[in-house]
Every structure is written in C-alpha cells, then in structure tokens.
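Hi everyone, thanks for coming.

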Amino acid sequence: MGDKSSPSGGHAIALFSGGLDSALAILLMLRQDIKVTALTFLTHFGCDIGDRSACGTDPYPVAEKFGFDVKLMHLGQKFLDIVEKPRYGRGRNMNVCTDCRILMLTEARKYMEQVGADFVVTGEVLGQRPMSQVRNKLNLTENQSGLKGKLLRPLSAKLCRPTEAELSGLVDRDKLEAIQGRSRKRQMELARQFGLEDYPSPAAGCLLTDVGYSNRLRDLLSHSERLTFDDLNLLRVGRHFRIDESTKVVVGRNEADNEKLITCRQAHHVHLEALGTGSPVTLLVGNASETNLARAAAITARYCASRHLDRVDVTVMNSTGQRTLSVRPARDEDLRAIIIR
Ligand code: SF4
C-alpha cells in the first residue's frame, strides 16, 4: 500500500470525512491496488477540518500515512440551497442528511466523470445509523446521485448488490466486508490489521444537528428570504434575541465571542457597548429604529458589569458615527421571552 499509481487500472473516488469508516473503505481499496482520490467536503455548518464539532476530521495524516490524495471541496451555495429547502426533509434538528448525502455523492460522481475514474466509494455501513444508512436510504442516495451500479460501500459490500466494479473484476468482492449495524468491533479489528491508529470516535454530526444552533437557524429561516453567509456566520456566536420580525440583537458571551462579533460586523450592523464597564459587544441586525436601539442598549446593559445600576450609558456606533444612550438594564423575565435558545 502507498503506491498512488493503479496497477489494476482501477481508480476510485472516495468520500472521506477523516473518520474510521471512510478511512477503512479507502484502505480496503488500496489493499486491492485501486488508486484512490479522496474527497473531503466542507460546508458552512461545521463539517470542516478545522472544526472538531463537525462530522469532519483532518484528513491529511491518514492520507499521508497510507499514500492517497485528498481533495477538499466546498459545497458553498449548493449546500445552503438544500438547507433552505430540503427535498427529503430534516432529521431531529435542522440536519438534512439525505439531501446532503445525495449532494456529496452527486459532486463525487461529477468529479469521477471529470477525471475518468471508475467508481465511487463510501464508508457507509448498512444499519449503522437508523435514519440515513438503512437499505432504502442507501438505495435512494445511490439512485438520486446518478451512481447506480457505480457506488461501492466496501464495509457492507457483501450485503449489497454487486457493483459494476465487482462484476467487471476490477474489485475482488471476496476481499470486501459484510458489516452491518452499530457495533464497531469489526472496524476496530480492521483498523488494527491496517495499522490505523488514533482514529476519532464517531462524530455526532454537523452544526445542523445541534439543538441551539438549529433553533437559531429556524428563526433566521422564518424571518429571511434567503440565507446569507454573513447571517450564518453570526449564528455561531453569542446570545441571540429576536426583538421584532426584521431585527435581531446578538450579544457576546465572552471575549472570544466579542472578537468574533467585531469580525462579523457589517456596515449595516449597529455596534453597541457599555464602554469601560466590562461590556459585551452587541450587534443589532435589522431595523435600527430608536425603539430597537433602546432595546438593544438595554440588553447590552444587562450583560455588562454595571448591570446592578439603575441606568447604564451604552455607546451606539454605526457607519455614520456614535452617540450614547442612557438606559435601564433589561430585566431577565423580559429577555426570557425573546431569547432564541
Ligand atoms: S450531519 Fe447530516 S447534514 Fe450534517 S454534514 Fe453530516 S450528513 Fe450532512
């Protein structure tokens, strides 16, 4: 293993999250002298290699150790489109796993056709995830991505119909696996055989599976025509308050949030801070009416170090200048009604 050429003439495109199953699927191909090009998909919802809350893990150490190429592919607007309007519905939260799999497999098929590869490989295991890896879902994603007959799942291959690669002899079906269900015993055995160490435990999913993030995203979708990257970046940071149909207030919870909010600030945002009082950074996004500015200032005052005072001076900064509002800190019972949890 480790030779990037393909003595058998076979070339597979593999979906590679960096996790154990997708790594094993690739290693099972390399063991048969199939050349593998791995695709690691990135989205705005955390499935990126720099974010450990995501599905994805850094793909490069395994690729370097075993000798295959990795190509990063950002799904960008295509992914936003399915998050806005998933054809196959959502999971428990805002996750759109079926549409997501179809999109990734479709992109893998296009890449396979572009580079003249023979088939696509995934680390999916029959019955491992109740919603997305049951047989009818696996068939659906295969068909809808245009990969019928060209999608090999080496870990469960012996339980599935033979693919073209197996029928043509490019891949030896006898050397594939028949893993089913949630136990990872066989995968760990294979990992030992291949010398695959330090693999991550299975990840829970991308940000779309997170309850708090999903609530904020649901609120955003119900108040916006289209998702924008700027709005999505803000969803990851701070406490969010919906103060009217078109206006939100985002308040930093700590120094890291404050710095991110400064970075996320756009020209149409209003920046509020109770300067000199250990204040959070607050952004008002939407209608900067006097009423809304006063509410945003009161929320800012509630989270600053002077929140016990009757009145707090809050500086309001926008693209045309700054001024100070003297406000009474918001009451917790009022905030409970408008916080998006
Ligand atoms: S959790 Fe679901 S929606 Fe999110 S990246 Fe994974 S498969 Fe896609």
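Before we start, one definition: two residues are in contact if their C-beta atoms, placed from the backbone, lie within 7 Å. Please also keep in mind that this is a predicted model.

Which residues of α4 meet residues of α5? On the α4 side they are Thr98, Arg101, Ile102 and Leu105, and on the α5 side they are Lys137, Leu140, Thr141 and Gln144. Sorted by class, this contact has 3 nonpolar, 3 polar and 2 charged residues. Helix α5 covers residues 135–144, and its axis comes within 8 Å of the axis of α4, crossing at roughly 40°. Because of that angle, α4 counts as oblique to α5. As for handedness, the crossing of α4 past α5 is right-handed.

Now stay with α4, which runs over residues 97–115, and bring in α3, residues 76–84. Here the packing angle is about 155°, and the axes are 10 Å apart. How are α3 and α4 oriented to each other? An angle over 145 degrees counts as roughly antiparallel, so that is the word for α3 and α4. This crossing, too, is described as right-handed. The α3 residues Lys78, Phe79 and Ile82 meet Asp99, Cys100 and Leu103 of α4. In this contact we find 4 nonpolar and 2 charged residues, and no polar ones.

Our last pair is α1, residues 20–30, with α7, residues 185–194. They pack at about 55°, with axes 10 Å apart. That angle is why α1 is called oblique to α7. Is the crossing left-handed or right-handed? For α1 passing α7, it is left-handed. Leu20, Asp21, Leu24 and Leu27 supply the α1 side of the contact, while α7 brings Gln187, Leu190, Ala191 and Phe194.

Next, the ligand. There are 11 residues around it, and Asn95, Cys97, Cys100, Gly205 and Cys206 come nearest. The shell around the ligand is made up of 7 nonpolar, 3 polar and 1 charged residues.

Finally, let's zoom out. The protein is divided into domain 1, residues 11–194, and domain 2, residues 237–336. The centres of these two domains, taken over C-alpha atoms, are 44 Å apart.

That's my tour, and I'm happy to go back to any of the helix pairs.

Definitions and conventions: Residues numbered from 1 in each chain as written. Predicted model: local features only at pLDDT ≥ 70, side-chain atom pairs only at ≥ 80, totals over all residues. Near = placed C-beta within 6 Å. Nonpolar A, V, L, I, M, F, W, Y, C, P; charged D, E, K, R; others polar. Axes fitted to C-alpha atoms, helices over the stretch in contact; angles between N-to-C directions. Helix = DSSP H or I, 4+ residues; strand = E, 2+ residues; numbered from the N terminus. Parallel < 35°, antiparallel > 145°, perpendicular 65-115°, else oblique. Left-handed = near helix turned anticlockwise from the far one by under 90°. Domains from an automatic or database assignment.
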